[in-house]
Amino acid sequence: MSTIRGYSQSNYYDSADNDYSAYNQNASSFLAGLSINSGNSNNNGIMGGINLSDYASIKNGSYGKLVKAYYAKQKADGASSGRDSSAKLTSMGSAAGTLAKSASALMKDSLWEKKQIKTKDEKTGEETTKEDIDLDSITKAVKSFVDNYNKTIESAGNSNTKDVLRNAAWMTKTTKSTERLLERAGISVGADNKLELDEDALKKADISTLKSVFTGYNSFESKVYDKAQSMTNAAARAGGTYTSTGNYSDVLSSILPSNIDKKE
């Protein structure tokens, strides 16, 4: 997870904390390769600011090939410079999106409402019904959350995307600061920042303690939900690219879970 600690190292950022260093370099290199000048037609074959040889290249299609070749090179350069690949960003975004969904499921009021619970005496076989909290369903939801949390941390820990690392670091810090309360809910925090669930301890925990962890505004669960969403969005932004036709294609946004944009 050493990458999370070093996420703040970067090249150039604007006031909004966006990294434009690579973009500025790529744009300058691309424009420098075109013979574009200001002014009107002159004796050197410049017409309307565009060299006639460039105009011919655009017309016969070689310009389009040049653009495709240029962006193919940028993609290869990006992969070799340690940037996250599209596949890696997709994996991270998907893991964080699944975490957000499992966190949202735990925050649903219906999960914590009393229900008619049927129990069966193992000796007599007699069935009884009582109104109570469905601890089995809650335990199942918590287990799913813990599994998805660990997958997200593992995926983000190997990332080179600054915004993903920032949100992952914030999430692990929040988890660490809530460690004592989590232990009362049967959840321990390991040295690798991953969670471990003791199902028996969870079922023995006080319901008010469980609710304070997993439900309500500003609870541990709501904070993880928010950061999981932020990680998904960060991965989607980093995976957005321009096509050879000049259109912006946010590929990750179209394939990641869309229903995590709001709490269910």
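User: In the crossing of H5 with H7, what is the handedness, and how do the two helices stand to each other?

Analyst: In this predicted model, the axes of H5 and H7 are 8 Å apart and the helices pack at an angle of about 155 degrees. Angles over 145 degrees count as roughly antiparallel, and H5 is therefore roughly antiparallel to H7. As for the handedness, H5 passes H7 in a crossing that is left-handed.

User: Which residues make the contact of H5 with H7, and how do they divide by class?

Analyst: From H5 the contact draws on Ser91, Met92, Ala95, Ala96, Thr98, Leu99, Ser102, Ala103 and Leu106. H7 contributes Ile138, Ala141, Val142, Ser144, Phe145, Asn148, Tyr149, Lys151, Thr152, Ser155 and Ala156. By class, the residues of this contact divide into 12 nonpolar, 7 polar and 1 charged.

User: Which residues is Phe214 in contact with, leaving aside neighbours within four places in sequence?

Analyst: Once its neighbours within four places in sequence are set aside, the residues in contact with Phe214 are Leu106, Met107, Trp112, Val142, Ala185, Ile187, Ser219 and Glu221.

User: What is the relative accessible area of Trp112, and what is the C-alpha separation of Trp112 and Leu210?

Analyst: Trp112 lies in helix H6 (residues 109-112), and its relative accessible area of 5% makes it buried. Beyond four places in sequence, Trp112 touches Leu106, Ile133, Ile138, Leu210, Lys211, Phe214 and Thr215. Trp112 and Leu210 are 98 residues apart along the chain, and their C-alpha atoms are separated by 9.7 Å.

User: How are H8 and H12 oriented to each other, and what is the class make-up of their contact?

Analyst: The axes of H8 and H12 come within 8 Å and cross at roughly 170 degrees, and the two helices are therefore roughly antiparallel to each other, in a left-handed crossing. On the H8 side the contact is made by Asp163, Val164, Asn167, Ala168, Trp170, Met171, Thr174 and Thr175, and on the H12 side by Phe220, Lys223, Val224, Lys227, Ser230, Met231, Ala234, Ala235 and Arg237. By class, this contact has 9 nonpolar, 4 polar and 4 charged residues.

User: Why are H7 and H12 described as oblique, and which residues make their contact?

Analyst: The axes of H7 (residues 135-156) and H12 (residues 220-239) come within 12 Å and cross at roughly 40 degrees. Angles under 35 degrees count as roughly parallel and those from 65 to 115 as roughly perpendicular, so H7 and H12 are oblique to each other. Their crossing is left-handed, and the contact is made by Phe145, Tyr149, Thr152 and Ala156 of H7 and Phe220, Glu221, Val224 and Met231 of H12.

User: What phi do Asn193 and Asn218 have, and where in the chain do they lie?

Analyst: Most residues other than glycine have a negative phi. Asn193, although not a glycine, has a positive phi of about 75 degrees, and Asn218 likewise has a positive phi, of about 65 degrees. Asn193 is partly exposed, with a relative accessible area of 21%. As for their places, Asn193 is in the loop between S5 and S6, and Asn218 is in the loop between H11 and H12.

Key: Residues numbered from 1 in each chain as written. Predicted model: local features only at pLDDT ≥ 70, side-chain atom pairs only at ≥ 80, totals over all residues. Heavy atoms only, no water. Axes fitted to C-alpha atoms, helices over the stretch in contact; angles between N-to-C directions. Helix = DSSP H or I, 4+ residues; strand = E, 2+ residues; numbered from the N terminus. Left-handed = near helix turned anticlockwise from the far one by under 90°. Contact = heavy atoms within 4.5 Å. Buried < 20%, exposed > 50% of the residue type's maximum accessible area, 1.4 Å probe, protein only. Nonpolar A, V, L, I, M, F, W, Y, C, P; charged D, E, K, R; others polar.
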